[in-house]
Amino acid sequence: MSNVLTVRGLKKSYGAQMALAGIDFEVRAGEVFALIGPNGAGKTTTLRIVATLLTSSGGEITFLDHDLCKEPDFVREKISYLPEEAGAYKDMKGLDYLHFMANFYARTPEEEKEFVDRAVAITELGDRLKTKVGTYSKGMTRKLLLARALMTKPVLAILDEPTSGLDVLNALEVREIVRRYVKEGTSVLLSSHNMLEIEFLSDRVGLIDKGLILDTGTPTELKDKHQAKNMEEVFRSSLR
Amino acid sequence: MRRFTNLLKKEIKELVNKQLIISLAFTVIIFNFIGQVSKKEVRKAIGVQTISALDQDGSAASQALVKGLESARFKILDQSGKTKEEAIEAARTGESKLLLVIPAGFGASLTELKPSEIETYSFMRSFSLIGARGQVVVQSVITALNEALSNNFLKEKLPDMDPASLKKPIKSKDFVIVQDKMAEGSANDVAGMISQQSMLIPIVLFMIVIYSSQMVISAMAMEKQNKTLETLLTVPIKRTSIITAKMLAAGLIGLISAGVYMFSFKGMLGGIGEEAAKAGAQAGGGAALMQKLGLTFDTTGYVILGLSIFLAILVALAMAMILGVLAEDLRSAQYMIMPLMFMVMIPYFISIFADINAVSLPLKIFILAIPFSHPFMVSQNLYLGNYGMIAAGLGYMLLVFIVLVIFAARIFSTDKILTMKLRFGKKKAAVA
C-alpha cells in the first residue's frame, strides 16, 4: 500500500518550548491513521503542520511525493482540515456555507453542485440547511463541518477530535460517515483521546506523548504487544 | 479569480448587514432632522424679530432711531407711557428679545453734541448663538446711526471736509501675495477661505479611515471568534488573496458609508448655512480673490488630492489588517482601532492649530512620519507649488503601504497568523 503522507523527524518548537521532538509516521492510501495521546502531547500541532497552518522547525513531510513545506498550495488542493474547535459563519445559511466552501475546490458549476449535493447527503439536515448556521446545535454544526471536509473527496482528510463535545448518537454517526468515506478512497489522519473511538475508527494508531511517538501499529498489534485488553491499557503500558 | 471573487462576495455580504444599514439610515435621518431643525431656527432668526422700545424722549432723533430699527426688519412693540420697570416687565412676559430704552433728553444731548445714552435689555431665553443675534443687529443699527449722526455733525461744522477722511485719516489698502501672484484683499480672509475650502478633506479622510479600518479589524476578529480562520487558511486560495479580499471589501463599504455620511453631513450644513446663498455676491468676491491668487484647484489638483486620500486609505487598511491579526475577538477589536485613530487625529489637530511646515524640526519629522499627515498637507502644498513635497508624500505613503502589505502577507503565510496575540491585562497566551 503506497503512502499518502510520510513524516520523518518532524520537530516544532514555540520559542524555548518544544512541542514536537522529532516524530515519524506515515498515512497509507485508504486508511485511517490516528494519533492518540493526552492533552498537550503534540497531536494538534502535528495536524496543524500537516494541514499547512503551521511551519515545522525541522524534519521532512512528503505528501504524494511533494514536499509539503515547499508546496503548500499543491497540498491545500488535495486535503481538507477539520479543526477541533471549528465553527462556520453564523450569519450564513447552511447551504450557502457549503456552496461558499465548495467554490474554492470546484472547477466548474457542475462540480460545485456535485460537492454540495454530497455534503447535503452527509449532513442529513434537510430543510435546516436553509436556516442560519447560528441557530444550529453543536451536533448539527459538527456534521455540517464534517460534510464540508469530506464533500470534495479529498486525498487526505485531517480531522482533529472529530467527535469532540458530541453526544453518543451524534458521535456514532460521525464515525460511520468517516468510515464510509475511507471506503470511497479518502485517507484520514485524525487525533483523539477517546480510546473507544480509536478502536472503532482506526486502521493504525500512533501513540504520542510529550512530542514523541511512543509506538505505532494496528489496534490488535498494539494490544498483543502490550498484552492489554483495550487501547486504554495499551496507552498506559506504553507510557511506562 | 473564481476563488477570489467567491471570498470577496462573502466578505461584502458579511459587512452589509442589518446593523450597517440601520446605522446608515439612522445617520441620514438624524442629520436630516438636525438640518431641518436648524434651518427652521435660522429662518426664525433671519425673519422678523420682535423688540420692545420705550421712547421717553419723543424727539426727532429718537424717532429716527426706532425707524432705523424698523427698516432693519424688526417688529417694534411701542411701550410709550410706561415706566422703565413696567416696560421691562411687559417685554419680559411678552415675546420681545430685547427692550430698547431711549431716555428723556436723548435728542437734546445729540443736538448739544454731548454723549447720548440709550439702554438695551436683552432677554436671554436660550443660549444659542442664533438666539443672541437680536442684540448684535441692534448694536449694528446703533453703530450705523452713530456714523450718520457724527457725519452730519462734521458736515455741519466743516462743510468743506469729507467726514470719512476726518474720522480715518489713515487708510490701508491691503494686498496679498501668494508666490508670484498678487491681489487686493486681506490675508485673514484668504486664510479663512482656504480653511473653509479644505475643511471637508480631514473629515472625509477621518470617516473613511475609521469606517474601513474598523471593518477590517472586525472581519479578522470575527474569523477568530467564530473559529473559521483556521479552515479558511487551509482552503486552496492564496494568503495574499485573503488579505486583498478583506481589504477591498472593507474599502468599498467604507467608501460607501463615508459617502452616505458626507452626503447627510452636507445636507445638515446646507440647512444651517441657508444664508450662504444670499451672501452670494460676497462669496463671489472671495472666489475672485482666490482665483486671482491661484488658490483654486484644477483637475490635476483634484486628481492629486484624490490620489493622496486613496493612498492614505490603503495604508489604513493594511495597518488595520495587521491590527486585526492581533485582535482575539470582537471586543479586543474595538481597542485595536485606537492607534489608527490617534494617527489620524494628530495631524488633523496640528493642521488646525499650526502650520506643519513651520513647526520645529523634531516635531516636523514626527508629523511627516505619520502617513496620514500627507493628505492634510496636499492642498496647502498645491496652492504654494511645493510639488516636491507632494511627490515625496505620495511616494512615502506608497512605500509604507507596500511595506505593510508585505508584512501582513508574511504574517499570513507564517505561524504568526495563529500565534500572534495581544491581550489586554493578561500575560502572553500559551500555544496549544
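Tutor: What follows goes from strand pairing to the sheet, and then to the nonpolar cores. Keep in mind that this is a predicted model.

Start with β1 of chain A, residues 3–14. Its antiparallel partner is β2 of chain A, residues 17–28, and nine bridges join the two. One of the bridge pairs sets A:Leu5 against A:Val27 in β2(A). Two residues lie between the strands of this hairpin. There, A:Gly15 has a positive phi near 65°.

β1(A) also pairs with β4 of chain A, residues 58–63. That pairing is antiparallel too, with five bridges. In it, A:Lys11 faces A:Gly58 of β4(A).

Now zoom in on A:Glu60, which sits in strand β4 of chain A. Beyond its neighbours within four places in sequence, A:Glu60 contacts A:Arg8 and A:Gly9. A:Ile158 is 98 residues from A:Glu60 in sequence. In space, their C-alpha atoms are 18 Å apart.

Next comes the open sheet. Six strands of chain A build it, in the order β6-β7-β8-β3-β9-β10, with mixed pairing. From one strand to the next, the twist averages 15°.

Within this sheet, β3 (residues 32–36) and β8 (residues 187–192) of chain A run parallel, joined by five bridges. A:Ile36 has A:Ser192 of β8(A) as its bridge partner. Helix α9 of chain A, residues 231–239, packs on the sheet. The helix touches β3, β9 (204–209) and β10 of chain A, and its direction makes about 45° with that of β9(A).

Last, the cores. The largest nonpolar core has 129 residues. A:Ile158 and A:Leu189 are among the residues with the most contacts inside it, as are B:Val216, B:Ile217, B:Val315, B:Leu317 and B:Ala318. Helix α14 of chain B, residues 299–326, supplies the largest share of this core, 14 residues. Another core, of 16 residues, lies apart from the largest one; B:Leu54, B:Leu69, B:Ala87 and B:Ile102 are among its members. In soluble globular proteins, nonpolar side chains tend to be buried together.

Note on methods
Residues numbered from 1 in each chain as written. Chains lettered and ligands numbered in written order. Predicted model: local features only at pLDDT ≥ 70, side-chain atom pairs only at ≥ 80, totals over all residues. Pairing = 2+ DSSP bridges. Helix = DSSP H or I, 4+ residues; strand = E, 2+ residues; numbered from the N terminus. Contact = placed C-beta atoms within 7 Å. Axes fitted to C-alpha atoms, helices over the stretch in contact; angles between N-to-C directions. Core = buried A, V, L, I, M, F, W, Y, C linked by C-beta atoms within 7 Å. Buried ≥ 20, exposed ≤ 12 C-beta atoms within 10 Å, placed from the backbone.
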